[in-house]
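Morning, everyone. I'll talk about salt bridges today. Please bring up the model.

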Amino acid sequence: GGSGVIISPDGYIVTNNHVVEDASEVKVTLNDNRTFTAKVIGTDPTTDVALVKIDATDLPNIPFGESDALRLGEWVLAIGSPYGLQSTVTAGIISAKARNLDIIPSQFRIESFIQTDAAVNPGNSGGPLLNMAGQVVGINTAIIASGQGIGFAIPSNMAAKIIDQIKSGKKISRGWIGVSIQDVDENTAKALGMKEPKGALVGSVMENEPAAKAGMKDGDIIIAVDKKDIEDASALLRAIADKAPGSDAVLTIWRDGKNFD
């Protein structure tokens, strides 16, 4: 079981992939206790987003907000049905952004979680995280079982892009450059003449892929994408995945003690 958020009056509902994954049938119970059999329109295991639809009209719905505009300490509300307690509302603040937890069971996982101390418990998965304007800024997804006040949500900007692709009937696609990467530790940074560890170290470049065609080499460190700084390997993965396949990207790399685009 889990929660969800109605995003359109004709019955489209966003939830988590792990809520509906491998289900033979999905039932949706609304706040007025009406129950529907839902159709799974599409899922994206790499971000843990799913879109389902029920046969209903004139439903109340909530718009997506701008998750990139969230600031640490900003108040938010988490809504869901933890432990089957329908329509539970909790309040908290944004504790952190762009958390990478390695919890999505996919080697191509895309994680950039919003962390909040609003109470999130089993059953909240798929429910909305709202800003004070009543907009969805996250989809509640995960908790740390041994901790208190530590919950995580998929940013609305990421979820909205996935939902748009699912609704359009297109295959979910993301940017790809064809490299294996890892974080830059302090020793590596010193060995390569960097003042501080940052960026993503290229372990290997795959033949005939975009990075190889652009002249990237093993051992390069990618420090920016389109002039925006890259702090670590996860940040690079998110930046490239956010670009449409076939689009251009300017990568700044550190090689032989110098920056190159």
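Which residue's side chain does D44 meet in a salt bridge? R174, at 2.3 Å, N to O. By salt bridge I mean a side-chain nitrogen of Lys or Arg within 4 Å of a carboxyl oxygen of Asp or Glu. The count by this rule is eight.

Ground rules. This is a predicted model, where local features need pLDDT of at least 70, side-chain atom pairs count only at pLDDT 80 or more, and totals for chains, interfaces and linings use all residues. Residues are numbered from 1 along each chain as its sequence is written, and side-chain values use heavy atoms, with hydrogens and water left out.

Back to D44 and R174. D44 is in strand β4, residues 35-44. R174 is in the loop between α2 (156-168) and β12 (179-183). They sit 130 residues apart. Helices (H or I, at least four residues) and strands (E, at least two) are DSSP runs, numbered from the N terminus.

Now accessibility. Buried is under 20% relative accessible area, exposed is over 50%, and partly exposed is in between, with a 1.4 Å probe and protein chains only. D44 has 4%, so it counts as buried. R174 has 23%, so it counts as partly exposed.

Next pair: D242 and K161, closest N and O atoms 2.4 Å apart. D242 lies in the loop between α5 (233-241) and β16 (251-255), K161 in helix α2, so the bridge ties together parts 81 residues apart in sequence. D242 is partly exposed at 47%. K161 is partly exposed at 41%.

Last pair: D220 and R255, at 2.7 Å between the closest N and O atoms. D220 is in the loop between α4 (210-213) and β14 (221-225), and R255 is in strand β16, 35 residues apart. Both are buried.
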